[in-house]
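Subject: Structure for your files

Hello,

Here is the structure I said I would pass on. My notes on it follow below.

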Amino acid sequence: MSWNVCVVGAGKIGQMIATLLKGSANYSVTVADHDLKALGEIAKLGVATKQIDAKDADGLAQGLTGFDAVISAAPFFLTPTIAKAAKDAGAHYFDLTEDVAATNAVRALADNSETAFMPQCGLAPGFVGISGASLAAEFDEIDSLHMRVGALPLYPTNALKYNLTWSTDGLINEYCNPCDAIVNGKLVKTAPLEDYEVLGHDGVEYECFNTSGGLGTLPETLDGKARAVSYRSIRYPGHCDILKLLLKDLGLENRRDLLKEIFESALPRTDQDVVLVYCTAKGLINGELREKSLINKSFARTINGQVWSAIQVTTAAGVLGVVDLMRTGALPSTGFIRQEQVKLSDFLNTEFGRLYRAGDVTQQNKAA
């Protein structure tokens, strides 16, 4: 069965989602936005467009009527409005948000709904939750699950060793908001930028620290089952110290508008990036303490003659993989759907999930 999909948001991720859907025989796609210039870029891709103001709830609901599914690729603060409009239009709803409050609003809309609501479907939250849940399911008793994700420049040149590769609002959210975790068997909120660790992969050294939103609903799912569950962002060494200077010492955690302005004026964007997913779980299998890791490393690539960044590809593939599973009946079609309800093998076998295979999903096992 073919689906008619509306993507709300004509930014870089919206462009990638639209490109992948246009290339599929199973979908027709329209991109909606209020920005005519951004829609003009979408039209150059040969994708249908519709000018809609996402802040206009009634107009948005009317504009979404007739679509099987709505994907929000808009800023997180528009999430509740877009989700409500999708519900009023009778469409299934998906988004990429890492914002906890926005996700709670979507969950409330899903109560007694005749359509499905599946937020947090990108990379992290999204694919990392699917991967982490898959790892945890391999244990008879899960002790700990630690998930780490980084979207990084391949060639860092500034002191932060970072370039903008996705939403600045989302990035600042991750650095400033409390983080969900399980610590000593209890659901807690931890501080961002803490629980610092160093890890290496392929001869490169990275640092990791707590950031908000990446776990999605996984801590709830593993509550009472795991002793420790965490999510940390991966950066090159030195990044965390500078963030603490900016956010804590200079007080910019209280001036997110100014921090956004600084980031967007000083940090250039790049398509030469790498996305690293690094999940590790520990627990009992057949009475033996074991550890397993899942690592995925994705790079920018050319699709339909155009270069797309790794963060664009992995985020778009994250949401479209679960859209495809719902379209084919592999996921429930009503109510609130969690990422951890998705089987990793099913996801990787969708036409969009296969894009992660180029990142060489690997599992490594060892006795602890």
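Helix 7 passes helix 10 in a right-handed crossing (left-handed if the near helix is turned anticlockwise from the far one by less than a right angle, right-handed if clockwise). The model is predicted, with local features needing pLDDT of at least 70 and side-chain atom pairs counting only at pLDDT 80 or more, while totals for chains, interfaces and linings use all residues. Residues are numbered from 1 along each chain as its sequence is written, and side-chain values use heavy atoms, with hydrogens and water left out.

Axes are lines fitted to C-alpha atoms, for helices over the stretch in contact, and angles run from 0 to 180 degrees between N-to-C directions. Among the residues making the contact are Leu-171, Ile-172 and Tyr-175 of helix 7 and Leu-259 and Phe-263 of helix 10; contact means heavy atoms within 4.5 Å. Helices (H or I, at least four residues) and strands (E, at least two) are DSSP runs, numbered from the N terminus.

On the sheet: seven strands form an open sheet in the order 3-2-1-4-5-6-17, with parallel pairing (two strands pair if DSSP finds at least two bridges between them). Strand 3 (48–51) and strand 17 (335–336) are at the edges with a single partner strand each, so one side of each has no neighbour in the sheet. Strand 1 (residues 3–8) and strand 4 (residues 69–72) run parallel and are joined by four bridges; Cys-6 has Val-70 in strand 4 as its bridge partner.

Helix 1 (residues 12–22) lies across strand 1, strand 2 (27–33) and strand 4, at about 160° to strand 2. Nine of the eleven residues of helix 1 are buried (under 20% relative accessible area; exposed is over 50%, partly exposed in between; 1.4 Å probe, protein chains only).

Ile-17, one of the buried residues of helix 1, and Phe-94 touch the most other members of the largest nonpolar core, which has 74 residues. Such a core is a set of buried Ala, Val, Leu, Ile, Met, Phe, Trp, Tyr and Cys residues joined through side-chain atoms within 4.5 Å. Helix 11 (residues 310–327) supplies the largest share of this core, eleven residues.

Regards
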